[in-house]
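Please examine the sequence and the 3D structure shown here before reading on. The paragraphs below then lead through the fold and selected local features.

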Amino acid sequence: MTTTDTPATASPATGSAAPQRPPVPWGRVASLVSGQAAVQLGSFALLIAMNWTAVQIGGTRAVTLLMLAATIPRALMLIFGGAFADALGPRFVLLRTTSARVAVLAAGAVVVAGTHTLWPLVVIALVEGVLLGLAGPASGVLLPMFARGDQLARANSLYSMVLRVAPILGAPAGAFLITVGELWVALAVAALTGAVWLGCLLHVTHGFTRPEPEPGVSLVKRSGDGFRLLARHPRLCWMFVASLCLDLAFSWPAEVALPLLVSERGWGVGAVGVVLAAFSIGALGSSALGAALAHRIPMYVRLVVTGAGLAAGILVMALMPSVVSLTAVAAAVGLLSGLNGPAIVTLYQQSAPEERMGAAMSTLSLAGIGTAPLSIAVFSSLSLWLGVQTTWLICGAIAFVSPVAAVLALRHPARTEEPAPAPAAAAADLSVPAAV
């Protein structure tokens, strides 16, 4: 039984010869990365434009409502997105969710052009959050289908570069669009970049086949596969813990505590931009290094050593006495983050069962997206009692759980064998093209 989409170009193993590892289709990888670069750029520009418009309409309450409408549905749909990706295949899910998103943004541009109220923004954010949540795990399935082993590490580093560049370019682009035009212009641009991503997906997923349905297994039941994988696979469980703790420890310092600390020390708001720019440049540089040389750097270094360095860096940032020293440490943290993030994703993908890759990626995405509001709520409340610097130090201490969990993950085998299939299913599996 075919349980994951497979590119039609894969060739089956023949005879008793060992299966040959197919070359990485870098053309498809390039289309995937290019399409993501376009759509992420448009998404960040739209985020800035919508938030600024919400501020003008209703102030802080309007922005809060808009963010909740965008983030809560997306986090919830990630759970079902993994089940959809495994049951229906990434091509089916991505083409339909992306087409629907382009249509929603285009229609939103028409509606917003004729009104200046908050409700269209909330509806757009709500629907877009649902679509992005459903599509997220399916996007995470694609790279492991094209690249294996060390090449997967390089591909993930290249993908990480796109995610680093998008906010750097997208934020000022959104500010520019809302300055020279109106919100409908940003919506139209986001729809256009979504159409570019749709065109790239048509090339990337060309030849993919739909998985065979599993009798008696509903999508609701499959929505819990990601959490069941964590219970059955120790390596996946510890990698989930490593990602969760690092994101939990870093979200509040980066988004809330940094401006507060800068304000307390009288350094001026410009210091916040300088520190964040240093972090982004460092992360971008190390992601580029990983795209070229990740296969030559041991996984232990990329995962455990950098994780320990990140935790130490978070601690030290709270103690820096000047803007210059804080900026230097932020750049170092960025450098380590650009290697650590793709390493976590790569090891998680290599450790997950291929037929449940969508479910696995949904839980990993949830560890990142779901922790930001939790981190902000918990540590903001704690800082009212302990102060910003002390709470920041606690975040650094929590971050040290990540490299420890990574060490425990590496002590377990990459994949735990699943129960042997029934004879009929086993016979059907003989016709599946070799994936490795």
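The description starts with the whole chain and then turns to individual residues and helix pairs.

This is a predicted model, in which local features need pLDDT of at least 70 and side-chain atom pairs count only at pLDDT 80 or more, while totals for chains, interfaces and linings use all residues. Residues are numbered from 1 along each chain as its sequence is written, and side-chain values use heavy atoms, with hydrogens and water left out.

The protein chain contains 16 helices and zero strands; helices (H or I, at least four residues) and strands (E, at least two) are DSSP runs, numbered from the N terminus. Of its 436 residues, 46% count as buried, where buried means under 20% relative accessible area, exposed over 50%, and partly exposed in between, with a 1.4 Å probe and protein chains only. The accessible surface of the protein chain is about 19,100 Å², and carbon and sulfur atoms contribute 71% of that area; accessible areas come from the Shrake-Rupley method with a 1.4 Å probe, and for residues only the protein chains shown count as cover. Among contacts with a separation of 6 or more in the protein chain, 87% are between residues 24 or more positions apart, a contact being defined as heavy atoms within 4.5 Å.

V39 counts as buried because its relative accessibility is 6%. Leaving out residues up to four places away in sequence, V39 touches R101, T193, G194 and W197. With G194, the C-alpha to C-alpha distance is 5.3 Å, although 155 residues separate V39 and G194 in sequence.

Side chains of opposite charge can pair when their charged atoms come close. A search of the whole structure finds one salt bridge, meaning a side-chain nitrogen of Lys or Arg within 4 Å of a carboxyl oxygen of Asp or Glu. R101 forms a salt bridge with E128, and the closest N and O atoms are 2.7 Å apart. R101 lies in helix α2 (residues 90-113) and E128 in helix α3 (residues 119-146), so the pair ties together parts 27 residues apart in sequence. R101 counts as buried at 7% relative accessibility, and E128 is buried with a relative accessible area of 11%.

Helix packing is considered next. The axes of helix α12 (residues 357-369) and helix α13 (residues 371-386) come within 5 Å and cross at roughly 30 degrees; axes are lines fitted to C-alpha atoms, for helices over the stretch in contact, and angles run from 0 to 180 degrees between N-to-C directions. The helices α12 and α13 are therefore roughly parallel to each other, a class for angles under 35 degrees, with over 145 roughly antiparallel, 65 to 115 roughly perpendicular and the rest oblique. L366, A367, G368 and I369 of α12 make the contact with T371, A372 and P373 of α13.

Helix α14 (residues 388-399) and helix α15 (residues 401-410) pack at an angle of about 5 degrees, their axes being 5 Å apart. Therefore α14 and α15 are also roughly parallel to each other. Here A397, I398 and A399 in α14 meet V401, S402 and P403 in α15.

Finally, R228 is found in helix α7 (residues 225-232). R228 is partly exposed, with a relative accessible area of 35%. Its contacts, leaving aside neighbours within four places in sequence, are with K221 and R222.
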